[in-house]
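Please read them with the structure open.

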Amino acid sequence: MTDWPGFCRQLQYTGERRLLVLSGEESWAQQQAQTLLALSAAASTLWLGDAPAGQPHCPTGKYHTALGREYQHLVFNAFSGLHPDALGAAAGALTAGGVLLLLCPPLELWPGFADPDMRRYVALPEQAAGLTSRFITRFIRILQTDRHVLIWQQEAPFPPLALSTGPLWQGLEDNRGCLNAQQRHALAVMLHSARTHTPVVLTADRGRGKSSLLGRLAARLLRAGKRVVLTAPNPGAAAQALAHCPAPLPFMAPDALLQAPPPADLVLVDEAAAIPVPMLLTLARRHCCVFASTEHGYEGTGLGFALKFQPALAALHPHWRKLHMDIPARWSSTDPLEPLLFRLLALNASPPAPPPAGELNIQWISRQQLLHNDSLLLQVFGLLILAHYQTRPGDLRQLLDAPDISLAVVFSQQTPVAAALLQREGTLEQTLADAIWRGQRRPRGHLLPQSLAFHGGQAQACQFSYERIMRIVVHPDSQQAGIGSQLVHWLKHNTQADFLGTSFGASPELLAFWHRNRFKLVRTGLATDGVSGLPAAMMLWPLSTAAQTVLPHWQGSFAADLQDEGRNIPGGLPHPVPRVNEQQDRQRAHDLAFYHRDWHADRPALRRFVHRQPPCRPLDEQQQRLLQAALMPGADPVVLARKFGHAGQKSVISALRRIMQCYF
């Protein structure tokens, strides 16, 4: 082997990082990785995935638990699954001079390897067997064409090491904790904006020190007696800011911050791109804020943040300030690993500007077309990013690899201007359908039939086939021209299923869009999303005769449940005529009593059933009081547990199941 320790020392000198692929049998790859780590004498190493006996490691699916600190070397065992989110996030924690060791099967066999990560994209694990990964095929193609990637294949010699000859890189903090002039300028602007109550948007890619700068800003303001609050999509996204603020810095989730606004001179919003625009604008109206966003991140996309939020913020606060940092803080600006990861995970995907005019052409695009046309893939994926506020690298793999996915694209002069991503669902085997109805099984996917059966009380739902529109998007420069509705109309006439359906956060705008396109509301969620603050809504368009027959009954059942709970149809949509199905109410009551159906969702049916049906065995006074209290609209099992002396929510639900058994 050539001078590996010297190569690592040279990387530290130049501040660059590298990717080394160890391709062969897993035991061989693990052994070589251990040898290389020992030779480099790394102070801190993160091993993701299975590892040799005695080697500390983190399961790939729990990569979040290993973040929040920096690592000199990273071993990513792709035999445990090529999890795109884990790879991107962990690589962002790899410091200057670090090496990412990627363990994988022989390259020619890797696309057909039984990758454990593939199970995340199928409903049942056995459905992953025999699938070939387009994502990995593309991944290998990019690795083999990057001159900085080192590939060591079993039975082949160690690859030659080309030493970098760049200048010395130093990451030294000044007395304000800043690493470069950009950070110093950003800190000064944010301090001034806090004094003048001017909102700031701070954008940067990973590794620029954005979150640590927020922590230092908070520390300065707290020392000056200011009241500062930090929010982020989740506590993990706020970890770096909290770590760089020695003073106690209050953290509040976005929904909690909106529900109970605290007195604050400044609100710091980290990973703002992963928070929906309406929530961000509400924060901007109520508080002086610094909105920090990773432009190409793993917690959500920055593209929608730039195109949707920033113009709206400018309308609210014309004197807002925009700051951008592009100088890396954790590694040198000549580092080749970051641009490689951008290509591998399509983090730089963006839709092209639409042409000024042109005839629209809508067509299905196969995943093979995307695999063989990377430009089209990046354009379409860039469009799909705009349709959701939490796009991750794993969504790229889903697009390329998940079975039963279909993609419709609207072109104007060969430029994609709109797209819809659909997922095939339903037509489930009867045994599985019964287990879903009873709350015994919850396979991955099949969102519409599972939710309609288990939460909506529609026993037939799993028998039907659905094409669920997962994402639909029109480029911002082409909106308000009816293109989205044209695409929906085209899908109605070019989709083979019983239902065309959608599930989304029930904002007034989206409810109005789907209502204009004559979709029918069949369910709303009982709880609100912790990030969007909106309940889920499910709407359907019937494509088959059988679907057209059953849909009014589903709407009527949904309307009856809403009416009995004292809830309203959201968004001002027309209220369907309530229809009560006594036989179905009885089945819901029976299977709640003897299986695991959901008390909250079934409560209207239970109330109707109990009102009609006397118990077969008499209830004692305590049981009667508990049942009566639990059937009240909006009854909270946690409150019931305290009132009736139960250990908690589970204990109350168990007691209610036993009470309901007395009716059969």
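1. Helices (H or I, at least four residues) and strands (E, at least two) are DSSP runs, numbered from the N terminus. On that basis T95 is placed in strand β4 (residues 94-104). The model is a predicted one: local features need pLDDT of at least 70, side-chain atom pairs count only at pLDDT 80 or more, and totals for chains, interfaces and linings use all residues. Residues are numbered from 1 along each chain as its sequence is written, and side-chain values use heavy atoms, with hydrogens and water left out.

2. Is T95 buried or exposed? With a relative accessibility of 17%, T95 counts as buried; buried means under 20% relative accessible area, exposed over 50%, and partly exposed in between (1.4 Å probe, protein chains only). Leaving aside residues up to four places away in sequence, T95 touches R17, E70, Y71, Q72 and R330, where contact means heavy atoms within 4.5 Å.

3. A218 is in helix α6 (residues 210-223). Its relative accessible area is 0%, so A218 is buried. Residues up to four places away in sequence again not counted, A218 touches V228, C245, L249 and L268. A260 is 42 residues from A218 along the chain, and the C-alpha atoms of A218 and A260 are separated by 21 Å.

4. How many aromatic pairs does a search of the whole structure find? The search finds 19. Rings of Phe, Tyr and Trp (its six-membered ring) pair if their centres lie within 6.5 Å; planes under 30 degrees apart count as stacked, over 60 as edge-to-face and the rest as tilted. The pair of W152 and F158 is edge-to-face, because the ring centres are 4.7 Å apart and the planes are at 75°. Both residues, W152 and F158, are buried. One aromatic cluster is formed by W4, F7, W28, W152 and F158.

5. F499 and W554 form a stacked aromatic pair, 5.3 Å centre to centre with 25° between the planes. Because F499 lies in strand β15 (residues 499-505) and W554 in helix α19 (residues 545-565), the pair ties together parts that are 55 residues apart in sequence. F499 and W554 are buried.

6. Two charged side chains are placed over rings. A charge sits over a ring if NZ of Lys or CZ of Arg is within 6 Å of the ring centre and within 35 degrees of the ring normal. The charged end of R438 sits over the ring of Y595, 4.3 Å from its centre. For K492, the charged end sits over the ring of W541, 3.8 Å from the ring centre.

7. Most residues other than glycine have a negative phi. Q413, although not a glycine, has a positive phi of about 50°. Q414 lies in the loop between β12 and β13 and has a positive phi of about 70°, although it is not a glycine. Q413 counts as exposed at 51% relative accessibility, and Q414 counts as exposed at 74%.

8. Helix α22 (residues 621-630) packs with helix α24 (residues 649-661) at an angle of about 110°, the axes being 10 Å apart. Axes are lines fitted to C-alpha atoms, for helices over the stretch in contact, and angles run from 0 to 180 degrees between N-to-C directions. The two helices, α22 and α24, are therefore roughly perpendicular to each other; angles under 35 degrees count as roughly parallel, over 145 as roughly antiparallel, 65 to 115 as roughly perpendicular and the rest as oblique. Q623, L626, L627 and A630 of α22 make the contact with V652, A655, L656, I659 and M660 of α24. By class, the contact of α22 with α24 has 8 nonpolar, 1 polar and no charged residues. Ala, Val, Leu, Ile, Met, Phe, Trp, Tyr, Cys and Pro count as nonpolar, Asp, Glu, Lys and Arg as charged, and the others, Gly among them, as polar.

9. Helix α23 (residues 637-644) also meets α24: their axes come within 8 Å and cross at roughly 85°. α23 and α24 are therefore roughly perpendicular to each other. P637, V638, L640 and A641 of α23 make this contact with Q649, V652 and I653 of α24. The residues of the contact of α23 with α24 comprise 6 nonpolar, 1 polar and no charged.

10. Helix α16 (residues 447-454) is mostly covered, with 7 of its 8 residues buried. The buried residues of α16 are L448, P449, Q450, S451, L452, A453 and F454.
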